[in-house]
Amino acid sequence: MLQRDYLAKVIESFTKRTSETLRDAVVLRSAEGVSETEDALGELMELDPAMFLSLAPDSMVTMMRLGGNGEAVGDFVAYVLNALADASLISGDRDTARLRRDQARAVALAFGVSRDVVPEQYAEVDRDIQQARSEAGIG
C-alpha cells in the first residue's frame with residue numbers, strides 16, 4: 001500500500017513537471033525545456049539522464065525492468081520519449097529524433113502501451129504539441 005501511494009506521488013510529480021517542460025521543449029522550441037524533460041526522465045528512472053537516454057531501445061527497456069517500475073511508468077515514458085522526438089525533429093536533429101522514436105516504440109511494446117493513446121495527464125499539453133507538430137509540418 002505504501003509503495004503504491006509513493007509510486008502514485010512520483011508519477012503525479014513526473015507528469016506535472018514534464019507537462020510543463022514538454023510545452024517548453026516542443027511548443028516553445030526551448031533547448032532548456034528539452035534538457036529539463038530529459039532530467040525528469042532520469043530522475044524517474046533513478047539513472048543519469050544522459051546515460052539513460054543514450055541507451056539502445058532494448059537496453060532502455062532492460063533498465064526499466066531492472067528498476068522495477070517499468071510497468072507502472074511505461075506509458076508515461078513512451079509518451080515523453082515521443083514528444084522529445086518531436087522536439088528533436090522540429091529543431092532539425094533527425095538522428096536524435098529517430099533514436100527517441102525507436103526508444104518510445106520499444107518501451108511501448110515491452111510494457112503493452114498503445115502509442116496512439118495519450119495518457120490523460122498529458123491531454124492538455126498534447127493539444128499544444130499536436131498544433132506545434134502541424135505548424136512544423138510533422139505528419
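Predicted model: local features only at pLDDT ≥ 70, side-chain atom pairs only at ≥ 80, totals over all residues.

Reader: At what angle do helix α1 and α7 pack, and how far apart are their axes?

Author: Two packed helices are described by the angle between their axes and the distance between the axes. Helices here are DSSP runs of H or I of at least four residues, strands are runs of E of at least two, and both are numbered from the N terminus. Axes are lines fitted to C-alpha atoms, for helices over the stretch in contact, and angles run from 0 to 180 degrees between N-to-C directions. Helix α1 (residues 2-27) and α7 pack at about 5°, and their axes are 10 Å apart. The two helices are therefore roughly parallel (angles under 35 degrees; over 145 is roughly antiparallel, 65 to 115 roughly perpendicular and the rest oblique).

Reader: Which residues make that contact?

Author: Contact means heavy atoms within 4.5 Å. From α1 come Ser-19, Leu-22, Arg-23, Val-26 and Val-27, and from α7 come Glu-124, Val-125, Asp-128, Ile-129 and Ala-132. By class, the residues of this contact are 6 nonpolar, 1 polar and 3 charged (Ala, Val, Leu, Ile, Met, Phe, Trp, Tyr, Cys and Pro count as nonpolar, Asp, Glu, Lys and Arg as charged, and the others, Gly among them, as polar).

Reader: How many residues does the largest nonpolar core have?

Author: In soluble globular proteins, nonpolar side chains tend to be buried together. A nonpolar core is a set of buried Ala, Val, Leu, Ile, Met, Phe, Trp, Tyr and Cys residues joined through side-chain atoms within 4.5 Å. The largest one has 37 residues, and those with the most contacts inside it are Met-64, Val-77 and Val-107. At least two residues of this core come from each of α1, α2, α3, α4, α5, α6 and α7, and α5 gives the most, with 11 residues. Leaving aside neighbours within four places in sequence, Val-77 is in contact with Leu-41, Leu-44, Met-45, Met-64 and Val-107.

Reader: Is Thr-15 buried or exposed?

Author: Buried means under 20% relative accessible area, exposed over 50%, and partly exposed in between (1.4 Å probe, protein chains only). Thr-15, in helix α1, counts as buried because its relative accessibility is 5%. Beyond its neighbours within four places in sequence, Thr-15 is in contact with Phe-76, Gln-121 and Tyr-122. A polar atom of its side chain lies 3.2 Å from the backbone oxygen of Glu-12.

Reader: With which side chain does the side chain of Gln-131 make a polar contact?

Author: A polar contact is a pair of N or O atoms within 3.5 Å; within protein, one must be able to donate a hydrogen and the other to accept it, and residues adjacent in sequence count only if both atoms are side-chain atoms. The partner of Gln-131 is the side chain of Glu-135, at 2.9 Å. Gln-131 lies in helix α7 (residues 123-136) and is partly exposed, at 45% relative accessibility.

Technical notes
Residues numbered from 1 in each chain as written. Heavy atoms only, no water.
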